[in-house]
Amino acid sequence: MSEAALEVENLVKVYHSRRQPPVRAVDGMSFSVARGTIFGLLGPNGAGKTTILKALTTLNRPTAGRARVLGFDVVAQPLEVRRRISVVLQETAIEQFLSVRDNLLTFARFHGLDSALARRRTEEVLERFHLAPEADRKAIDLSGGYRRRVQVAKVFMVTTPVLFLDEFSTGMDPILKRAVMGYLREEARQGRTIMLTTQILSEAEELCDDILIMNKGRQVARGDLHALKLLSEGVYEVAITFERLPETIEAEIARLAPLRMKINQNTVELTLKAEEGRVLELVSELARNRRVLRVEVSGASLEDIFVELTQEK
Amino acid sequence: MAPIAAVFYREGKIRVTNLTFIFWDLFYPLGYMLVFGVGVNYALGSPFPTGGVDYNAFFLAGVLGMASFGIAANTAWGFFLDRDNGIFYEMLTYPLSRAEYLLGKVLFNVLVATLQAAITVGLGSIFLGIRIHFDLLPLLFLGVMGGTAGWFFFYAIFALKIRRNDLFNSVTSVFYFVFLFASSIFYPLEPLPAWFRAAALANPVTWQVDFLRFSSIGIGEPRRIAVEAAAFAVFSLASFAYAVRCLQQQE
């Protein structure tokens with residue numbers, strides 16, 4: 001039995017369309033994911049995240065290379081792969097004409113649950129996702145947020161060893177999102193492997209044991225959050241709140257060549273890449289002869305690392 | 001069988017949420033028979049110049065063939081609905097093969113077509129006095145089931161290849177016109193011009209309807225019917241194989 005839950009070797013996916021040049025969405029990616037981990041695949045729009053997820057869920061065939069789920073090849077043994085996965089796709093996928101309860105029951109049926117178990121799990125999931133009051137409403141009558149909730153709730157009906165989530169929190173309210181993240185951590189503790197793609201970096205920062213950042217179909221960084229932060233050593237986030245925002249501050253900051261800058265009312269947030277001592281000097285320069293209410297200097301966040309690694313050079 | 005049963009369950013669940021649909025599916029062929037069929041029957045008079053039967057009896061197989069064709073087109077159109085609901089691609093990640101998915105999808109509609117045929121044949125016999133060959137009824141139901149499945153696989157190819165439902169609707173409109181009128185549904189082929197007859201004989205609708213006509217009222221030359229049935233089986237299997245391939249290529 002394969003030790004890794006997911007294995008990708010030199011994966012290439014080229015999309016061909018008429019009157020358009022071919023698009024190399026994934027360009028020789030290789031990685032593996034250990035069982036029971038929450039693996040985050042991060043990247044900007046068009047990086048190739050969804051293409052990799054589609055290959056691993058048997059929704060597309062790689063142009064070259066191999067991908068395996070729990071040792072089963074996605075091209076040669078697609079049915080074995082599908083028996084071991086459940087998937088939340090980026091777009092809201094729901095049976096519009098069925099009630100919330102029937103959506104869950106139908107999903108369970110597809111995954112081979114017997115009737116009694118399916119009914120019991122349905123009631124549990126309805127409670128867990130606060131869907132019980134909506135259980136008999138047709139999905140078509142629900143708001144977008146509730147439909148997304150039903151879609152995510154479905155994968156908790158089954159206990160497939162691998163779970164794929166493509167931008168799962170889109171349209172979800174913050175309270176539910178927090179709860180779902182808790183459920184996902186619990187599932188991983190019980191040995192389920194979870195692969196998620198996201199552009200919400202705080203989500204990945206909070207949830208993932210293992211992160212891969214990709215851009216233009218290629219890997220640009222890989223590791224846990226700590227390892228990624230080391231990659232970005234010398235990157236600092238600075239926040240300065242002035243009593244009154246100096247008129248020349250924008251030009252002054254531009255001269256420091258920050259990786260990122262944001263001015264919100266009288267607060268300036270910037271990301272600087274420099275040695276720690278130099279960063280403190282620069283902060284002192286900006287604050288000199290001005291009334292400063294708050295200064296905060298911290299290490300880089302995942303967002304900073306992401307921006308640094310994926311921005312156009 | 002469990003994956004096919006799951007798709008069957010899903011199709012049934014969706015269909016029973018709209019009883020008007022079910023009613024329409026079950027009874028609309030009867031409408032054709034009682035309105036169009038009876039009207040033409042009176043206009044032409046009896047007996048109709050084929051096989052010594054009246055037009056009502058002749059048209060019965062046409063109605064059943066037309067119903068198979070219509071149910072198949074509607075079922076294939078369901079792919080667009082599934083795509084719009086986003087469920088289509090999710091279903092392709094469920095633990096079932098592409099072939100099982102297609103078979104399950106058509107199975108519920110084959111059941112509807114069979115019930116529809118039973119109602120149409122029963123009421124046609126009672127109210128229009130059509131003399132049914134009850135000993136051949138198993139063959140008739142086989143023709144309805146095989147026909148519905150075959151046409152569904154054929155339509156599925158286009159529904160899966162064409163991504164726009166407006167274009168698919170245009171294609172089905174053309175198919176309705178070409179396949180239904182250039183066939184033996186509405187009229188016997190013998191008096192037709194040679195080119196028309198040749199086109200109709202090459203049309204799988206004719207193959208299915210001739211089989212249904214033979215197995216309902218006993219009209220037709222058995223050897224020719226057998227050849228046509230075999231040709232329809234080949235057409236259905238080829239359509240099925242290609243539809244599975246199209247489904248495998250969905251990305």
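Colleague: Great. In which hand does α5(B) pass α6(B)?

Modeller: The crossing of α5(B) and α6(B) is right-handed; that is, the near helix is turned clockwise from the far one by less than a right angle. A word on the basis: this is a predicted model, where local features need pLDDT of at least 70, side-chain atom pairs count only at pLDDT 80 or more, and totals for chains, interfaces and linings use all residues. Residues are numbered from 1 along each chain as its sequence is written, and chains are lettered from A and ligands numbered from 1 in the order in which they are written.

Colleague: And what counts as a helix or strand here?

Modeller: Both are DSSP runs numbered from the N terminus: H or I over at least four residues for helices, E over at least two for strands.

Colleague: Back to that pair: at what angle do α5 and α6 of chain B pack?

Modeller: About 140°, with the axes 9 Å apart. Axes are lines fitted to C-alpha atoms, for helices over the stretch in contact, and angles run from 0 to 180 degrees between N-to-C directions. The two helices are therefore oblique to each other (under 35 degrees is roughly parallel, over 145 roughly antiparallel, 65 to 115 roughly perpendicular, the rest oblique).

Colleague: Which residues meet there?

Modeller: Among them are Val106(B) and Ala113(B) from α5(B), and Phe141(B) and Phe152(B) from α6(B). Contact is C-beta atoms, placed from the backbone, within 7 Å. The set holds 13 nonpolar residues, three polar and no charged. Ala, Val, Leu, Ile, Met, Phe, Trp, Tyr, Cys and Pro are nonpolar, Asp, Glu, Lys and Arg charged, and the others, Gly among them, polar.

Colleague: Switching to chain A, what is the strand order in the open sheet?

Modeller: β2-β1-β4-β5, with antiparallel pairing; strands pair if DSSP finds at least two bridges between them. β2 (20-34) and β5 (72-73) are the edges. β4 (64-69) and β5(A) share two bridges, and Arg68(A) sits opposite Asp73(A).

Colleague: How is chain A divided into domains?

Modeller: Domain 1 covers 4-229 and domain 2 covers 232-310, with bounds from an automatic or database domain assignment. Their C-alpha centres are 37 Å apart. In the contact between them, 13 residues of domain 1 meet 10 of domain 2. That side of domain 1 has nine nonpolar, two polar and two charged residues.

Colleague: Last one: how many residues are in contact between chains A and B?

Modeller: 25 residues of chain A touch 18 of chain B. On the chain A side, α3(A) gives the largest share, four residues.

Methods
Contact = placed C-beta atoms within 7 Å.
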